[in-house]
Amino acid sequence: MSEETARTPRTFYEAVGGEETFTRLVRRFYQEVAADPVLRPVYPTQDLGPAEEHLRLFLIQYWGGPATYNELRGHPRLRMRHVHFSIGETERDLWLKHMRTALDELALPAELDAKLWDYLVRAAHSLVNAVPEDGPAPGGRGGLGITPA
């Protein structure tokens with residue numbers, strides 16, 4: 001293996017700095033969640049530690065790190081795992097706001113930030129499962145916050 005090959009990250013996980021980066025991201029995100037009076041009630045337990053650990057392990061695995069999440073919890077099945085929580089547009093937007101705060105503090109190179117942010121936005125939209133009381137936006141996609149161009 002050449003010296004250059006040895007230094008080139010093989011996965012996104014490695015490119016962003018590995019476990020330490022995901023730990024910092026998720027820790028900062030949950031600090032924001034803990035202080036948010038609207039989003040905090042979505043998390044049913046007093047201790048956010050388990051939720052923090054699950055998200056951290058999931059993101060590590062998703063981006064090419066160790067498969068510890070699968071070993072401990074099985075297949076992620078994100079929609080199934082979140083169906084018991086009422087996640088509407090407000091919760092989605094607050095989740096993204098706090099994740100953006102955490103991601104900004106990492107100060108990743110622009111292309112890595114954009115790739116991670118794109119995934120987080122898509123994931124957040126996919127987990128919306130509560131339609132607003134006044135119904136979906138006309139021509140929209142049922143509470144996903146997506147409207148036609």
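## The pairing of H3 and H4

In this predicted model, helix H3 (residues 19-34) and helix H4 (residues 49-62) have axes that come within 9 Å and cross at roughly 145°. The crossing of H3 past H4 is right-handed. On the H3 side the contact is made by Glu 19, Phe 22, Thr 23, Leu 25, Val 26, Arg 27, Phe 29 and Tyr 30. On the H4 side the residues are Ala 51, Glu 52, Leu 55, Arg 56, Leu 59 and Ile 60. Sorted by class, the residues in this contact are nine nonpolar, one polar and four charged.

H4 itself has 14 residues. From its first C-alpha to its last, H4 reaches 20 Å, close to the 20 Å expected at 1.5 Å a residue. Its buried residues are Leu 55, Arg 56, Leu 57, Phe 58, Leu 59, Ile 60 and Gln 61. Among them, Leu 55, Arg 56, Leu 59 and Ile 60 also belong to the group that meets H3.

## The whole chain

The protein has eight helices and zero strands. Its pattern along the sequence is α-α-α-α-α-α-α-α. Of its 149 residues, 38% are buried.

## Gly 64, after H4

H4 is followed by Gly 64, which has a positive phi, near 105°. This glycine sits in the loop between H4 and helix H5 (68-73). Gly 64 has a relative accessible area of 39%, so it counts as partly exposed, the class between 20% and 50%.

Gly 64 also has partners from elsewhere in the sequence. Not counting residues up to four places away, Gly 64 touches Thr 11 and Tyr 13. Gly 64 and Glu 14 are 50 residues apart in sequence, while their C-alpha atoms are 7.8 Å apart in space.

## Arg 100 in H7

Arg 100 is part of helix H7 (residues 89-106). With neighbours within four places in sequence left aside, Arg 100 is in contact with Asp 113 and Trp 117. Asp 113 is one of the buried residues of H8.

Arg 100 can also be placed relative to H3. Its C-alpha atom is separated by 8.4 Å from that of Phe 29, a residue 71 places away along the chain. Phe 29 is one of the H3 residues that meet H4.

## Ala 107 and helix H8

Ala 107 lies in the loop between H7 and H8. Its phi is near 55°, a positive value in a residue other than glycine. Most residues other than glycine have a negative phi. Ala 107 has a relative accessible area of 63%, and therefore counts as exposed, the cut-off being over 50%.

Helix H8 (residues 110-126) has 17 residues, which at 1.5 Å a residue should span 24 Å. In H8 the buried residues are Leu 112, Asp 113, Leu 116, Tyr 119, Leu 120, Ala 123, Ala 124 and His 125.

Definitions and conventions: Residues numbered from 1 in each chain as written. Predicted model: local features only at pLDDT ≥ 70, side-chain atom pairs only at ≥ 80, totals over all residues. Heavy atoms only, no water. Helix = DSSP H or I, 4+ residues; strand = E, 2+ residues; numbered from the N terminus. Buried < 20%, exposed > 50% of the residue type's maximum accessible area, 1.4 Å probe, protein only. Axes fitted to C-alpha atoms, helices over the stretch in contact; angles between N-to-C directions. Left-handed = near helix turned anticlockwise from the far one by under 90°. Contact = heavy atoms within 4.5 Å. Nonpolar A, V, L, I, M, F, W, Y, C, P; charged D, E, K, R; others polar. Expected span 1.5 Å × (residues − 1).
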